[in-house]
Amino acid sequence: HPKRTKVNLDFVYKKLSTLKYLKFTGGEPLTIKDHWDLLEYAVEKGYSHDIILNYSTNGTVWPKEKIVNLWSQFKRVELCVSFDSVIKEENEYLRHLTNQENVIKNIDKYLELSKTLPMHVISRPTITILNMYHLPETIEFLENKGVRVNPTHLTKPEYLSVTVLPKHTKDLIKEKFE
């Protein structure tokens, strides 16, 4: 049984009346009950309609209906899903303990939800030497679903950064991208 994360959000409660943008990162923020309590409070106090929520999520979690109803009370919800490769083995290696099929199902459900909620589904793949070669296919896969892609590159540990690739490998990847 994994240890539950306890977060002290007291300072956020004090700022809710003036907040415009609230970002939740992880671990996996969709599993942290304290943040749902914060959202309920923002709705109760009437602050939610002015707040944009942003999540960095691994895409493995589908929230309860109560949560989806809470999201509908906010100005916008941005879900930034860490989807690093369309190649199942790469993605599941890079995002240990994820199940690619379930993540794709959840992305599809989030996209469907975005038709009725003010929600944007974004993917932020982390580019490393382990997934760089398949980045064009990954971007194409996500964009064909209607997911905006905003990649970032890993810098640490340096030995996984694309900057350490030999020139002939970089040239091969460049050719593929072109």
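Tutor: Start with accessibility: buried means under 20% relative accessible area, exposed means over 50%, and partly exposed lies in between, with a 1.4 Å probe and protein chains only. The model is predicted, so local features need pLDDT of at least 70 and side-chain atom pairs count only at pLDDT 80 or more, while totals for chains, interfaces and linings use all residues. Residues are numbered from 1 along each chain as its sequence is written, and side-chain values use heavy atoms, with hydrogens and water left out.

By that scale lysine 66 is exposed, because its relative accessible area is 51%. Its side chain meets that of glutamate 40 in a salt bridge of 3.0 Å, N to O (a side-chain nitrogen of Lys or Arg within 4 Å of a carboxyl oxygen of Asp or Glu). This pair links distant parts of the chain, with lysine 66 in helix 3 and glutamate 40 in helix 2 (residues 33-45), 26 residues apart. Helices (H or I, at least four residues) and strands (E, at least two) are DSSP runs, numbered from the N terminus. Glutamate 40 has a relative accessible area of 23% and is therefore partly exposed.

The structure holds 10 salt bridges. Another of them joins aspartate 108 to lysine 145, with the closest N and O atoms 2.6 Å apart. Here too distant parts of the chain are linked: aspartate 108 is in helix 5 and lysine 145 in helix 6 (residues 135-145), 37 residues apart. Aspartate 108, at 35%, is partly exposed, and lysine 145, at 27%, is partly exposed. Arginine 76 and glutamate 78 form a salt bridge of 2.8 Å, N to O. Arginine 76 is partly exposed at 23%, whereas glutamate 78 is buried at 10%. Lys88, Glu92 and Glu101 are linked in a network of salt bridges.

Now the rings. The whole structure contains 8 aromatic pairs; rings of Phe, Tyr and Trp (its six-membered ring) pair if their centres lie within 6.5 Å, and planes under 30 degrees apart count as stacked, over 60 as edge-to-face and the rest as tilted. Tryptophan 62 and tyrosine 110 have ring centres 4.6 Å apart and planes at 40°, so this pair is tilted. Tryptophan 62 lies in the loop between strand 2 (52-57) and helix 3 (65-71), and tyrosine 110 in helix 5 (residues 100-113), 48 residues apart. Tryptophan 62 is partly exposed at 31%, but tyrosine 110 is buried at 0%. Both belong to a cluster linked by ring pairs, together with Phe24, Trp36, Tyr55 and Trp71.
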